[in-house]
Structure formats: C-alpha cells, structure tokens
Amino acid sequence: MAASKHVFQAPKGMRDFFPEDMAVRQHLERAWRSASIRHGFEEIGGPTFEHLDLFTIKSGEGIVSELFSFQRSGGDTDYALRPEFTPTLARMAASKGRSLPLPTKWFAIPDLFRAERPQRGRLREHRQWNVDLLGAPGPDADAEVIAVAVTALRGLGLGPADIRVRISHRGAAAGLLAACGVPGDRMAEAFSLVDRREKVPTEVFATQAAAIGLDEAGVARLDKIAASRLPATTQPTTIAEKHDLPVDAVSELTSLSVELDKRGLLPFCDWDLGIVRGLAYYTGTVWEIHDAAGTFRAVAGGGRYDELVGLFGGPTIPACGFGMGDVVLALLLEDRGLLDADHGVLSPRPDVFVVSSGDDQAEGLFIPLATSLRDAGLHVRHTFKAGRNIGKQLKEASGHLAKFAVILGDELDSGHMVVKDMTAGEQFKVPAGDLAAWLQRRLAGYAADKRSCEH
RNA sequence: GCGACCGUAGCUCAGGGGUAGAGCACCUGGUUGUGGUCCAGGAUGUCGCGGGUUCAAAUCCCGUCGGUCGCCCCA
C-alpha cells in the first residue's frame, strides 16, 4: 500500500463528520448543554493538549503508552493530547485556590484522545460530556449529578426501560469485601478485581481472589453479591439483610436513596455492588449508566472523588461528577430508533429556496432577493446550476427540504412573486415589497404547526 | 502489543476457478413556468495492493496494507 493512498483516509480511530453525522452530534450536545444549564452548571473549556506529566499524576506512568504524546520540533517539553478532562478541571480548580466559590458547578464537552486500538464503542477520538460539582460533600450532590445525566438521556428519548443507573458506594463495597475476608490493605486490588469480574474466566477470578485473601466461601459470597442487582425502589437495607452484611455497610446508600427519591430518579436506578470503577481515586458513591439489556459498554460513569483537587496542588475539596461519551450513546440511540428527524435529528432546513425563471428581469433580481431575505434573518438557498429550468430548481428545493420556494418570473411585471409552500403545494402571489414579512409570518405559523405535531 | 473475521460500482452487498453483477443513489428523457410519485433509458470498476499456483484467478495459496470485532487497558 503506497503511503499516498492511506493519507487520504482519516487516521485510525478518528472520524469524519458529514452533515448527517454532525446533525447527530449537535443533537447529543444540545441535550447535554440543556440538561447542564437547567441544573445550574456553567460551561468551561481547556487546552486540547497539556503537559504530559499532568496525566501521570492521577493515573501513573502506565498511562503513557495509551496517550498521543509529542514534543515540538527542536523542543524538549513533553506534551500529550488530553485523554480525559478531569486533570484539566482539577488544575483549573486548584489554580483558583481558596478564592474558588463553593460549591462550583462546571461542565465541559471536550474532544478526548487515546492511542489504543479502536473497537466498538471505543474510538481514538471522542467527545465526552463532563459534569463536576465541587465543594459539596453530601449525598444531595451525588444525586444532583446523577439527575443531570438522567435528564439529558430522558431528553434524548430514553426511559427507565432503556437505561439503568447502576449505583454502588466504595464504603459499602469495602464493607462487603471485608465481610468476605479481604484485609483492609488489599482493598484497592480487590476493587480492581471486582471491576474485572465479568471479563475474566471463573477459575482465574478464583485464583486472583485467593491471592488477596479470599477463601473459597468468600469468593462464592463475593460473586453472588456482586452479580445481584436490586431496583433502587427497594430499600438498600434489603441488600444487607439478603446477603447477611452489617446494616452499617449500606448506610451511605440509604441516605443517597432519599436524595434520589426527591428527584424522581429511583425508577432509573439499581443498587449494584458489582460496580466499583477501576480507578483508584473514587472515594464514595460510584455509578455507571448502562443500556438496560447490558449489551453495550457503559454510557456514562462517575462518582465521588474528594481528594482529586488536592492531588493537583489545590485545597482539599469534596467533589463528584461523571463523564458521558458520544460513541456508546449514539450506538444506544441508534439501537432504540431515536436518531431520526422525528426525534429532532436534522440538519438545518432552508426557509426559502429562490427560483429564477431565467429571463433577464428574474436573473437580475435573483441574487439581490436572496441577499435581502438573508438580511431579514431567513435561511435561503438557490441553485448554482447554469440551467434555469423551473422544474429542476423545484426538485433541488425539495431535495434540500426547503419549506418555501419563491419563484421569480412573469409576475414581476406587476410587482409580484410566486411563493410556493413546498409541504402543502399551495401557491400565492405576493407583492415583492411584502415578501420578507409575508414569509416570516408564515414561517412562524410553520414552527407552531410543527410543535403541535410533535406533541 | 496479541487474536478472529472481512476488503467487488458513490453506498449496501451477491458471485468461491471460465466474458464483472443486483438494489439504492446519480444523470438524461417523458415534462422549455412547477418538485416529491411513476415510466423509459444511461454512465460507473486496477474485484485493496504485491507475489505465487493454473491453459485460465474477483475466486485457491503466501505476504502486505486497510477495516471491523474481541483481548490488554479504561480516564
């Protein structure tokens, strides 16, 4: 394969966005922004690449092989395209130090990069919605960020039968693991093992579990508890009773349950002590959103990380939040048939397509008319083809899904233009001077009709 | 980094040793001032690339590049 051929493709794992793809992306981002803003979060942004070292603070040197990192030609500073937004956020929060008003509610929609082999739901470049609530230690804050995530997903048409928020708590999980025989100093390894539980063969799981202090009975017990999910409408104490754990172990879930209930979220949630998240920095609530059938990767993941800002040189600030990527979300919406015009996914439709009959008078007015309609705020298109066959131009207009066509022809002799409603097929003779106002009036009615159709 | 499967028209794909195919999309005409539907017609290929086997390779073999899916990892 000559190099000259493959440079004409997007690099591995990177995507081109044609208009129809961009319409989907905008649809997701509209839902994300809308949910964030309605909950009082403010949008922030940051650099697309950071100092390489920023990313090893939290994740260790091991992450370097997963990064796109580089030096500028002749320079000796190491940079890396950001693989996640959290270090940037923590850096920004830390840089404000004690002047940061608390609580601070921030969200961002960055492009993120990872240098691994692409697979289903996991590409080298993706967009990820990040929501963080800094300075609020209570379960109300955990419930609030879950509410933001669920609000966005509901806005995209997903309900409790489509998605489940699987919730656990590091404290509860630790209580469970301790009850199964894991010593306190092996807890981090145990979390990591539980996180991989569904992926590793049972024998391997048993061997590794034995290595961190679980005997055969302990493994069986852990496996049983981690595999069981309960609707959040059940009291968390039921989990304790069912699995013979101390009630204390689930006390955090009980207080979270109250906050979720206030926000009407319980029907979307499940208690799932098998959710621990691989990351070491989670300190409290941990949760993931999955499709109900569990066929895709996690749509979102989040939790509480009270030590994060301190890790980046700032004061210790309690914090919680989540990330939601566009790739798995789009797969899920596609699977549910929620990615079409009826669900709001559409490139902008022209208000007017200007058509010229081709005679001198019409040709002279063609572009000036389009210009004046654009100045009046309308979305205007016209043909770029040489032929001025009216039939062809109307065909082009309907191909663009134009709402109206304005036809310039013989009627100009009496100062009129023909306006055609492309949906109804009706035609009207409109005085040239009234055209913009006439169209704006009709388009307002058009939008109202569309709304009433949608509801 | 490892493994499996797949590369044929713009797109989705059929053909698995013997003349390169279908549907969709596109273009033209029916219709020189009226679109969507319909009818008729038309253009389209290094069968990813390189080598090998064969009288003959899109087809079989080897290699390579690319894609998809999985493993590792998961922010």
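User: Before we start, what makes two strands count as paired here?
Analyst: Two strands are paired if DSSP finds at least two bridges between them. Please note that this is a predicted model.

User: Good. In what order do the strands of the open sheet run?
Analyst: The order is β15-β14-β16-β17-β18, so defined by that pairing, with 5 strands in the sheet and mixed pairing.

User: Which ones are the edge strands?
Analyst: They are β15, residues 380-382, and β18, residues 427-431; each of these pairs on one side only. On average, neighbouring strands of the sheet are turned by 30° against each other, direction ignored.

User: How do β16 and β17 run, and how many bridges join them?
Analyst: Strand β16 (residues 404-408) and strand β17 (residues 416-421) run antiparallel, joined by 4 bridges. Within this part of the sheet, V406 stands opposite V419 in β17.

User: Which strands does helix α14 touch?
Analyst: Helix α14, residues 360-375, packs on the sheet and touches β14 (352-356), β15, β16 and β17. The direction of α14 makes about 165° with that of β14.

User: And where does α15 lie?
Analyst: Helix α15 (residues 390-399) lies across β14 and β16, and runs at about 170° to β14.

User: Changing topic: how much space is in the second largest pocket?
Analyst: That pocket holds about 230 Å³ of space.

User: Which residues lie nearest its centre?
Analyst: Of the 14 residues that line the second largest pocket, R15, F17, D21, V24 and A330 lie nearest its centre. The elements giving two or more residues to the lining are α2 (19-38) and α13 (326-335).

Definitions and conventions: Residues numbered from 1 in each chain as written. Chains lettered and ligands numbered in written order. Predicted model: local features only at pLDDT ≥ 70, side-chain atom pairs only at ≥ 80, totals over all residues. Heavy atoms only, no water. Axes fitted to C-alpha atoms, helices over the stretch in contact; angles between N-to-C directions. Contact = heavy atoms within 4.5 Å. 1 Å grid on protein atoms, 1.4 Å probe; cavity = no way out; pocket = protein on both sides within 12 Å on 5 of 7 lines; lining within 4 Å. Points joined across faces, edges and corners; volume = space filled by probe spheres on them.
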